[in-house]
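This briefing goes through a structure by topic. Look at the sequence and the model first, then read the points below.

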Amino acid sequence: MEMTNNLKILRAKHNLTQEDLAEKVGVTRQTIFAIEKNKYSPTLELAFKLSKLFNLPIEEIFKYNVHQE
Amino acid sequence: MNFKQFKLARIFVAMFIGATVAIASTTENTLLALAAVVIGMAFMILVRKRTKVILSDERTEKIAGTSARFTYAIHTTFIALLSLFLIINGKNTGDAFTESVGTVLSFTALLSVAIYALSYQYFNKFYGDDQ
């Protein structure tokens with residue numbers, strides 16, 4: 001997976017459970033779990049919602065690792 | 001209604017439909033089976049409306065889309081191959097019934113392809129194709 005994220009850390013910093021965060025951004029708890037485990041890349045809309053919620057730019061939440069061949 | 005209650009309701013409805021359809025099929029009562037399915041669907045719509053938690057989101061939609069594409073590919077290929085086998089077998093043995101079943105199945109496969117093509121075209125336009 002090329003995308004990684006700090007969602008778990010940010011969630012812990014804000015004292016939020018997966019369920020709380022899911023409710024705040026309008027997704028299921030499973031989606032938050034999948035994003036944290038890097039199993040699912042969120043849409044731009046969800047990324048912006050998370051960015052707004054944590055008051056951070058998207059690049060600070062999600063990292064895109066470019067593989068050099 | 002929370003997610004656990006929703007899951008319980010879903011299991012209850014599935015059991016109700018299963019049991020009623022089983023009774024309906026043993027008593028050969030088509031109306032009862034139909035009524036059970038309609039009541040079950042209506043009940044699930046009500047339960048979904050009363051459930052406050054989010055049951056579907058972008059991830060579940062993506063999963064549903066991938067599963068649908070997978071199901072379409074497997075189902076259509078299987079039906080097409082089966083119909084081909086039945087048509088050839090029916091022709092070789094002179095069994096008109098087998099050949100007819102094969103023909104019906106091949107049209108089912110064609111219908112499936114047609115629905116996929118039409119819905120693909122529609123959603124392609126819906127999501128901003130410029131051609």
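In this predicted model, A:Glu36 and A:Arg11 form a salt bridge, and their closest N and O atoms are 2.5 Å apart. A:Glu36 lies in helix α3 (residues 29-36) of chain A and A:Arg11 in helix α1 (residues 7-13) of chain A, so the pair ties together parts that are 25 residues apart in sequence. Over all chains, the structure holds three salt bridges. Side chains of opposite charge can pair when their charged atoms come close.

**Salt bridges in chain A**

- A:Glu36 is buried, because its relative accessible area of 13% is under 20%.
- A:Arg11, the partner of A:Glu36, has a relative accessible area of 11% and is buried.
- A second salt bridge joins A:Lys49 to A:Glu45, with the closest N and O atoms 4.0 Å apart.
- Both A:Lys49 and A:Glu45 belong to helix α4 (residues 44-54) of chain A, where they are four residues apart, about one turn of the helix.
- A:Lys49 is partly exposed, with a relative accessible area of 37%, while A:Glu45 counts as exposed at 56%.

**Salt bridge in chain B**

- In chain B, the side chains of B:Glu99 and B:Lys91 meet in a salt bridge, at 3.2 Å from N to O.
- B:Glu99 is partly exposed, with a relative accessible area of 25%.
- B:Lys91 has a relative accessible area of 57% and is therefore exposed, the cut-off being over 50%.

**Overall form of chain B**

- How many helices and strands are there in chain B? There are four helices and zero strands.
- Read from the N terminus on, the elements of chain B run α-α-α-α.
- The radius of gyration of chain B is 21 Å, well over the 14 Å that the globule rule gives for 131 residues, so chain B is more spread out than a compact globule.
- The C-alpha trace of chain B spans about 60 × 55 × 20 Å along its principal axes.
- Of the 131 residues in chain B, 19% count as buried.

**Surface patches on chain B**

- B:Lys4, B:Lys7, B:Arg10 and B:Arg48 form a positive surface patch.
- Helix α1 (residues 3-26) of chain B gives the largest share of the positive patch, three residues.
- B:Lys4 has its place in helix α1 of chain B and counts as exposed, because its relative accessibility is 69%.
- A nonpolar surface patch of about 390 Å² is made by B:Phe12, B:Phe16, B:Ile39 and B:Phe43.
- At least two residues of the nonpolar patch come from each of α1 and α2 of chain B.
- B:Phe12 lies in helix α1 of chain B and is exposed, with a relative accessible area of 53%.

**Two further residues of chain B**

- Is B:Phe6 buried or exposed? B:Phe6 is buried, with a relative accessible area of 1%.
- B:Phe6 is placed in helix α1 of chain B; from B:Gly102, B:Phe6 is 96 residues away in sequence and 42 Å away in space, C-alpha to C-alpha.
- B:Leu46 sits in helix α2 (residues 30-50) of chain B and is exposed, with a relative accessible area of 54%.
- B:Leu46 and B:Asp130 are 84 residues apart along the chain, and their C-alpha atoms are separated by 39 Å.

Methods:
Residues numbered from 1 in each chain as written. Chains lettered and ligands numbered in written order. Predicted model: local features only at pLDDT ≥ 70, side-chain atom pairs only at ≥ 80, totals over all residues. Heavy atoms only, no water. Patch = residues over 30% accessible without salt bridge, like charges linked within 9 Å, V, L, I, M, F, W, Y side chains within 5 Å. Areas by Shrake-Rupley, 256 points an atom, 1.4 Å probe, with all protein chains shown as cover. Lys, Arg positive; Asp, Glu negative; His and termini not counted. Charge placed at Lys NZ, Arg CZ, Asp CG, Glu CD. Buried < 20%, exposed > 50% of the residue type's maximum accessible area, 1.4 Å probe, protein only. Rg over C-alpha atoms; globule rule 2.2 N^0.38 Å.
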